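Here's a quick briefing on a few local backbone features. Have the chain open while you read.

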Amino acid sequence: MADRPTIEERENGPLVVKGATRMIGPDGEEIEVKEVMALCRCGGSGNKPFCDGTHKKNGFQSRGGDPAGKDRVLRYEGETLTVNFNPRVCSHAAECARIAPAAFDSRRRPWIEPDRDLDGVEKVMRACPSGALWIEGRAHALPDRATVEVQKDGPYWITGAEIAADVPGEGATKAKFVLCRCGLSGNKPYCDGTHRDRGWTA
């Protein structure tokens, strides 16, 4: 297998993953990896997460639509550290609220208050799959995850693979990112959370 996995977009077709070392399915079980795998991103395959050619029938387009969220970096200052957030990059995985609800609460303004749980904030930075959150002045914290993790009724979480596409927004990283698999994102190949807004299910 290649030293660094790569992901190629096929125009109006699947994501082709080469050299992946590990892949986890939506049920948390390991999926056998092959040197080359074609993953569905139109949302219609009958063999998800793998492509079965349905994109040719359902009119899937590699690009198009308006991305959800503005491409801007919002700063949330604490006494010890500042958390940056780009809503365009966020896939709404909600790892932040799950891991550190005291620091991340979308019902509150401001919704991020780093000083409420500094240890939790550090864990969230590592867990955030899209790279929408990072601590100012530091490199993005990377998780110890499989190359590809297929989220239940959600996107592909990618870690440590290269893709020939611009980053999804200001401040984002190519070290970890999320790729659309519902076919609905306005920021393809990246996920913009539309699967959640539209109630998409795999």
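In which loop is Pro 110 found? Pro 110 sits in the loop between α2 (95–99) and α3 (118–127), where helices (H or I, at least four residues) and strands (E, at least two) are DSSP runs numbered from the N terminus. This is a predicted model, so local features need pLDDT of at least 70 and side-chain atom pairs count only at pLDDT 80 or more, while totals for chains, interfaces and linings use all residues. Residues are numbered from 1 along each chain as its sequence is written, and side-chain values use heavy atoms, leaving out hydrogens and water.

**Cis peptide bonds**
- Most peptide bonds are trans.
- Arg 109 and Pro 110 are joined by a cis bond, with omega about -5°.
- Lys 48 to Pro 49 is also cis, with omega near 10°, and Pro 49 lies in the loop between β4 (36–39) and α1 (55–58).

**Positive phi**
- Most residues other than glycine have a negative phi.
- His 92, in the loop between β6 and α2, has phi near 65°; His 92 is partly exposed at 30% relative accessible area (buried is under 20%, exposed over 50%, partly exposed in between; 1.4 Å probe, protein chains only).
- Ala 94 lies in the loop between β6 and α2, has a phi of about 65° and is partly exposed at 43%.

**Around β6**
- Thr 82 and Asn 84 point one way from β6 (residues 82–85), Val 83 and Phe 85 the other, and all are buried.
- β5 (residues 74–77) runs antiparallel to β6, joined by four bridges (strands pair if DSSP finds at least two bridges between them), and a hairpin of four residues links β5 to β6.
- Leu 74 stands opposite Phe 85.
- β7 (residues 133–135) pairs antiparallel with β6 over three bridges, with Ile 135 as the bridge partner of Val 83.
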